[in-house]
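Dear colleague,

Here is the structure I said I would pass on. My notes follow below it.

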Amino acid sequence: MDTTRCKNCELEKPYMDFLTLETRLSTDDMPVFDVHENCVSCREIIRVNRRKETGKKYRENNKEKIAERKKNYYENNKEKIAERKKKYRETNKEKIAERKKEKVVCECGSEVTKSCLARHRKSKKHLQSV
Ligand SMILES: [Zn+2]
Ligand SMILES: [Zn+2]
């Protein structure tokens, strides 16, 4: 099979990978062989990257608008969000309790449960040893 070297990945790929869509779909006996410089997978990667780049630029240029939208969403959905959080807590009660019981070593060296950590940090024992 005929192969062509892709300008992007520099691999030999089947000629078919370089044909433009119009050429491939053409029903002419002698279609105009229009080919791309890059193979089909590279073209896909380039396309995705370009889209990502556009998304990033959009976010950079619209930071305030996006923040505003987020705020609005929060304002308009306060109850829904609270409801969702509540449900999460209810369905994960055990997991959350379990996590609270996990022990962590505080920077002062004493071992405390996660739920006590905040309180412990204000305790004499902690303050004296830091
Ligand atoms: Zn390629
Ligand atoms: Zn401590």
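A residue counts as buried if 20 or more other C-beta atoms lie within 10 Å of its own, as exposed if 12 or fewer do, and as partly exposed in between, with C-beta atoms placed from the backbone. This is a predicted model, in which local features need pLDDT of at least 70 and side-chain atom pairs count only at pLDDT 80 or more, while totals for chains, interfaces and linings use all residues. Residues are numbered from 1 along each chain as its sequence is written, and chains are lettered from A and ligands numbered from 1 in the order in which they are written.

H3 covers residues 63-76 and reaches 20 Å from first C-alpha to last, close to the 20 Å expected. The expected span is 1.5 Å times one less than the number of residues; helices (H or I, at least four residues) and strands (E, at least two) are DSSP runs, numbered from the N terminus.

H2 (residues 40-61) is hardly covered either: one of its 22 residues is buried.

The domain assignment (automatic or from a database) gives domain 1 (3-61) and domain 2 (77-129). Their C-alpha centres lie 52 Å apart.

Glu10, in the loop between strands S1 (3-5) and S2 (12-14), has a positive phi of about 60 degrees although it is not a glycine. Glu10 is exposed, with 9 other C-beta atoms within 10 Å.

Regards
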